[in-house]
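Me: I have a model open and want to learn how to read its features. Can you take me through them in turn?

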Amino acid sequence: MNRIKCKALSILLLLTAMVFIASPAFAGVKLEGSFKLVPAIILTACILLFLWVGFMNKAEGTSDYYAAGRSISRVGSGMAIASNWMSAASFLGMAAIMYGSGYHGLSYVVGWTGGYCLLLLLMASQIRRFGKYTATDFIGDRYYSSGMRFWTAIIAIFISFCYSVGQFGGIGLMFKWIFGMQYSASVIVGGSVVLAYTLVSGMLGVTKNQIVQYIILISAFLIPAFILTFKFKYFWLVPQLGYGRVVSDIVVGNATTFVNSFGHAMQTVPSPEFAMPWDTATGKDFFQWMATCFALMIGTAGLPHVIQKFYVVPKPADARWSVTWGLFFICLLYWTSPLYAAFGKILSSNPEVGALSKDAIVVYTAQLGSVNPIIVGFLAAGAVSAAFSTVSGLLVAGSSAFSNDIYFKIINPEATGDQQVRMAKIATIVMALGVMLVSLLKLALVAQLVALAFSIAGCTIFPLFLLGIWWSGSNRSGGIASLTVGGFFTVFSIFYFICGKFGVVLPGAAFVGYWLNPWYFAWIAAPLAVIANIVFSGMGEPTPEHIRKHLAEEVHGIRR
Amino acid sequence: MEESLSYEVNFFKPSTPFLKENLRAITIGLLIWGLATYGFQILLKIMETPTTEATYVAYQQIAPKLADGTASDEEKVAAANTYLALLGKSGALLKNDTLKTAFTSTVYDLLPGDSKDALLAAATKAASDSKVDVEFINTALGIGDNSAMKAVVPFALIEVSPDKLAMTDAALEPVMDKFFIHNQSFLTDTIVFGFPFHYLYTALFLLALFVLICLVYCYKIDSLMKKYEMEKSFE
């Protein structure tokens, strides 16, 4: 590990030197629309660094995937969880929602962190003890049904797909910013790069790489926060507390003595709508806050690629501690995210700044605050890295669900290892192309697209895990009923949303758009799925004894 | 014994002492989690009163007078300031022509004769170029020191014809209600560390609490494992 640190450090130093040589080229550019050399260098460097660390790690022997997990401390696997988790939605999307919708955005911040409590209290160590390797395996075995396995695999792929669409949107925006291309072109270029990265890195060591990624991501996100608070004379030692006065300045419309990079005074008209709960000006109400928050929480506890993390830790105790560390490392970013929304609001208040793309507000904020271009470049590169690491994880998860759970287990059980790998690669490419196409449509904000993935996970997979772990009476009939209810709501809500996007008005569109909105329909779909599970379990044949025995003895430690 | 014979697992009927204690810890954790997150938002909802921004309170008195032409110059200045504060809130509002017409008409009406033409010229120019000299408007409206308001003025102007002034409009009321009335209470008006309290609670404290819940639960379960000597056999 020391060797890696040493080399990583020397590479970073070298890159910093390069960047300083190149930096004059960056001075005095507009917010966007031109090629930016320094961020481009930093971005390339970050991607190369990840590949290199992954390669080094492979050389140390990841032939046994679990060995990598064992040699890493709980703190380290917490960082891996955090890096795996932090995507374009965390990095860019949350600040975007708060910038545009004020207090409503906090439902995303709270939802995406509070879900970890559910995960830890109800599931983490139990999932580890159950001893399966993927969410699909767990459901297939616990509900002893290959049909359930198939449909869970389909859902897992679909969740990865929706999640990736949001990420590609973020990658597109950042490529647009760095290379000065059109959005469509940058989605295609960025998407191709991420696909190539995934195909190369899919075989490399993952966990240690994620630790390096986390450190880069969090530094990229925190450094500008310190600079902004320091520069504008707020309490900079803890920027996460220091930006409080910015929020109050926005609410009251206080004058400050500072200007943004255009020379506009840093002051807004009194804008309580930025901070007051469910303000009518934001168009979001109390119910939507609660529903979004709840749907994101249960979605967090049901996301296949998050749950999967617990299978690779050595012991259940490690699963618990790594969740706790992971949550802490995630919070470091989430505590800071509203800071960007607040500074973004107060620095872009002059109408001359014009309408900014909300999903890029984090980067614009740093620019408007006259933060050094190198740091801004680092921030943008961090956003791309966040999206890259998440997308490549999702593509791998989606394609392995296809090649392992559908192709190998159902279509062609005699497939050789080579055939499976080939199928996985084809699936990766097909998925990436599909994601690219859908992200070109720009259906919604990054955070909202990702929220859809959470709602799906929250009403399909979460109820199955919850009852599967905590009630031995839940059986195949109940599982099928639960999945049917969750699946129905998912299809129903997305169908209405897509029709609405293309101008087709269906009966009750307003009702569905409010109560069963794609970002939060799980608030009701998940409880109904749980009820369906309970009711139909009572009607079906009881759970076979070997599963009850496994559940009681291995998962819950009930010994006679 | 009957239950454990059939390998019953039920969240609400723990069958071993370890599970009992584990489930108590889980239940307490979930209760704190749920109350802190959703309980607080419900409290916020219960305590809130729709609070109108001061400028809109004043405007509501003035609007009828603007309509029947009895408003004094001070009242017109106040109304124009209200329009300006509204326009400054969002880029979308800067596209609201009714609102801009109301602003420009009011300013036109209260300016002295020789400045009226300057206003019309400025409005024409502002349609294509925001770098327009509006200092005389700022002075007339008394916003010389307020840079946020000053910044909005060039964007608030729209071409009006002097014989068809509309200093107010019924269509503005819903827009103003939407942007000027906020859900406030002592929870939102108390300032802690510079934050409105509810914002601090939700954005910072809740997250810290989540970490704390996880931390305490981890310690608790580790000690339970020790107590029931399950570390070796179970973990």
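What follows is a dialogue on confidence, fold, interface and salt bridges.

Me: What should I know about the model and its numbering before I start?

Reply: This is a predicted model: local features need pLDDT of at least 70, side-chain atom pairs count only at pLDDT 80 or more, and totals for chains, interfaces and linings use all residues. Residues are numbered from 1 along each chain as its sequence is written, chains are lettered from A and ligands numbered from 1 in the order in which they are written, and side-chain values use heavy atoms, with hydrogens and water left out.

Me: What is the mean pLDDT of chain A?

Reply: pLDDT is the predictor's confidence in each residue, from 0 to 100. Chain A has a mean of 85. In chain A, 89% of the residues reach 70 or more.

Me: Where in chain A does pLDDT stay under 50?

Reply: Where pLDDT is low, the predicted coordinates should not be read in detail. One such stretch of chain A is residues 20-29. The model has 14 contacts for it beyond four places in sequence; contact means heavy atoms within 4.5 Å. Another is residues 59-69 of chain A, with 13 contacts beyond four places in sequence.

Me: How many helices and strands does chain A have?

Reply: Helices (H or I, at least four residues) and strands (E, at least two) are DSSP runs, numbered from the N terminus. Chain A has 23 helices and 0 strands. Take contacts in chain A between residues at least 6 apart in sequence: 81% of them join residues at least 24 apart.

Me: What share of chain A is buried?

Reply: Buried means under 20% relative accessible area, exposed over 50%, and partly exposed in between (1.4 Å probe, protein chains only). Chain A has 560 residues, and 64% of them count as buried.

Me: How do I read the interface of chain A and chain B?

Reply: The size of an interface is often given as the accessible area lost when the parts come together. Buried area is that loss of accessible area (1.4 Å probe) for two parts, summed over both. Between chain A and chain B it is about 6700 Å². Carbon and sulfur atoms give 69% of this area. In residues, 77 of chain A are in contact with 78 of chain B.

Me: How many residue pairs are in polar contact between the two chains?

Reply: A polar contact is a pair of N or O atoms within 3.5 Å; within protein, one must be able to donate a hydrogen and the other to accept it, and residues adjacent in sequence count only if both atoms are side-chain atoms. Between chain A and chain B there are 23 such residue pairs, both residues at pLDDT 80 or more.

Me: Which helix of chain A gives the largest share of the side that touches chain B?

Reply: Helix 6 of chain A, with 13 residues. Several helices supply at least two residues each, including helix 13 (286-300), helix 15 (316-347) and helix 23 (545-555) of chain A. By class, this side of chain A has 47 nonpolar, 15 polar and 15 charged residues. Ala, Val, Leu, Ile, Met, Phe, Trp, Tyr, Cys and Pro count as nonpolar, Asp, Glu, Lys and Arg as charged, and the others, Gly among them, as polar.

Me: How many salt bridges cross the interface of chain A and chain B?

Reply: Side chains of opposite charge can pair when their charged atoms come close. A salt bridge is a side-chain nitrogen of Lys or Arg within 4 Å of a carboxyl oxygen of Asp or Glu. The rule finds 4 across this interface. One of them joins Arg548(A) and Glu8(B), at 3.7 Å from N to O.

Me: Is Arg548(A) buried or exposed?

Reply: Arg548(A) counts as buried, because its relative accessibility is 14%. Arg548(A) is in helix 23 of chain A. Beyond four places in sequence, Arg548(A) touches Ser472(A), Thr543(A), Ser6(B), Tyr7(B) and Glu8(B).

Me: What about salt bridges inside a chain?

Reply: Over all chains, the structure holds 16 salt bridges. Arg149(A) and Asp137(A) form one, at 2.7 Å from N to O. Arg149(A) lies in helix 8 and Asp137(A) in helix 7 of chain A, so the pair ties together parts 12 residues apart in sequence. Arg149(A) is buried at 11%, and Asp137(A) is buried at 10%.

Me: Where do Glu53(B) and Lys89(B) lie?

Reply: These two form a salt bridge, with the closest N and O atoms 2.7 Å apart. Glu53(B) is in the loop between strand 1 and helix 3 of chain B, and Lys89(B) is in the loop between helix 4 and helix 5 of chain B. The pair is 36 residues apart. Glu53(B) is buried at 10%, and Lys89(B) is buried at 5%.
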